[in-house]
Amino acid sequence: MNLSDTQSTGSKADRGRKVQDFARSELFDRTFREGMELVEETAAYLDGEGRRDSKMLSRAAALAYAAESMKLTTRLMQIASWLLVQRAVREDDMTPDAACEPRYRLNDRKIESEPSHAELPIALVEYLVRSEKLFDRALYLDRRMYLDVQEEQPQNPVLSQHGMLEAAFKG
């Protein structure tokens, strides 16, 4: 095993510790609770009051409502899935390395400045804003845990050169 292998193993171990520390933290507890409550509140709204609200909209606004509610639902499911992966790490049902796989990670979202139609019910707009803020926070945490550890440990140029010289003289 050469020095770069030990650095990458150390980086993996650091990342694993970071992921486990977060999963066992009060910050995770609060974020998880907030995320799951938002999913439940939004589902109740969309199935009840939101359904009634959407029936009173113009055709164009109703189409915008449908599109925005789909975006909202998708965003919340991404957040919930990410939170459930972190909980699986917490409960030792998943390793931090497995949680790092791209399929469990959050992707950047397209930033939209305002809802697609002015007639959208204010309650829907509020759920959209809350979900965007929660997604942005989860995305920030995701990047801190899964990317920053690798980025914080830049390759040592002297060791890199030493490795290249060693390889050149071996052959």
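Predicted model: local features only at pLDDT ≥ 70, side-chain atom pairs only at ≥ 80, totals over all residues.
Me: How many helices and strands does the protein chain have?
Reply: Helices (H or I, at least four residues) and strands (E, at least two) are taken as DSSP runs, numbered from the N terminus. Along the sequence the pattern is α-α-α-α-α-α-α-α. The count is eight helices and zero strands.

Me: What percentage of the residues of the protein chain count as buried?
Reply: Buried means under 20% relative accessible area, exposed over 50%, and partly exposed in between (1.4 Å probe, protein chains only). Of the 171 residues, the buried share is 37%.

Me: How far apart are the end C-alpha atoms of helix H4?
Reply: The expected span of a helix is 1.5 Å times one less than its number of residues. Helix H4 covers residues 59-90, so its 32 residues should span 46 Å. The distance between its end C-alpha atoms agrees, at 46 Å.

Me: Are H2 and H6 roughly parallel or roughly antiparallel?
Reply: Axes are lines fitted to C-alpha atoms, for helices over the stretch in contact, and angles run from 0 to 180 degrees between N-to-C directions. The axes of H2 (residues 26-47) and H6 (residues 122-146) come within 11 Å and cross at roughly 150 degrees. Angles under 35 degrees count as roughly parallel, over 145 as roughly antiparallel, 65 to 115 as roughly perpendicular and the rest as oblique. H2 and H6 are therefore roughly antiparallel.

Me: Which handedness does the crossing of H2 and H4 have?
Reply: The axes of H2 and H4 come within 10 Å and cross at roughly 150 degrees. That makes the two helices roughly antiparallel. A crossing is left-handed if the near helix is turned anticlockwise from the far one by less than a right angle, and right-handed if clockwise. The crossing of H2 and H4 is left-handed.

Me: How many nonpolar residues are in the contact of H4 with H6?
Reply: H4 and H6 pack at about 35 degrees with their axes 10 Å apart. Contact means heavy atoms within 4.5 Å, and the residues that meet include Trp 82 in H4 and Phe 135 in H6. Ala, Val, Leu, Ile, Met, Phe, Trp, Tyr, Cys and Pro count as nonpolar, Asp, Glu, Lys and Arg as charged, and the others, Gly among them, as polar. By class, this contact of H4 with H6 has three polar residues, four charged and, as nonpolar, 14.

Me: What is the phi of Asp 92?
Reply: Most residues other than glycine have a negative phi. Asp 92 is found in the loop between H4 and H5, and at 56% relative accessibility it counts as exposed. Its phi is positive, near 60 degrees.

Me: Leaving aside its neighbours within four places in sequence, which residues is Asp 97 in contact with?
Reply: Asp 97 lies in helix H5 (residues 96-99) and is partly exposed, with a relative accessible area of 38%. Asp 97 and Tyr 146 are 49 residues apart in sequence and 9.5 Å apart in space, C-alpha to C-alpha. Beyond those sequence neighbours, Asp 97 is in contact with Lys 12 and Arg 15.

Conventions:
Residues numbered from 1 in each chain as written. Heavy atoms only, no water.
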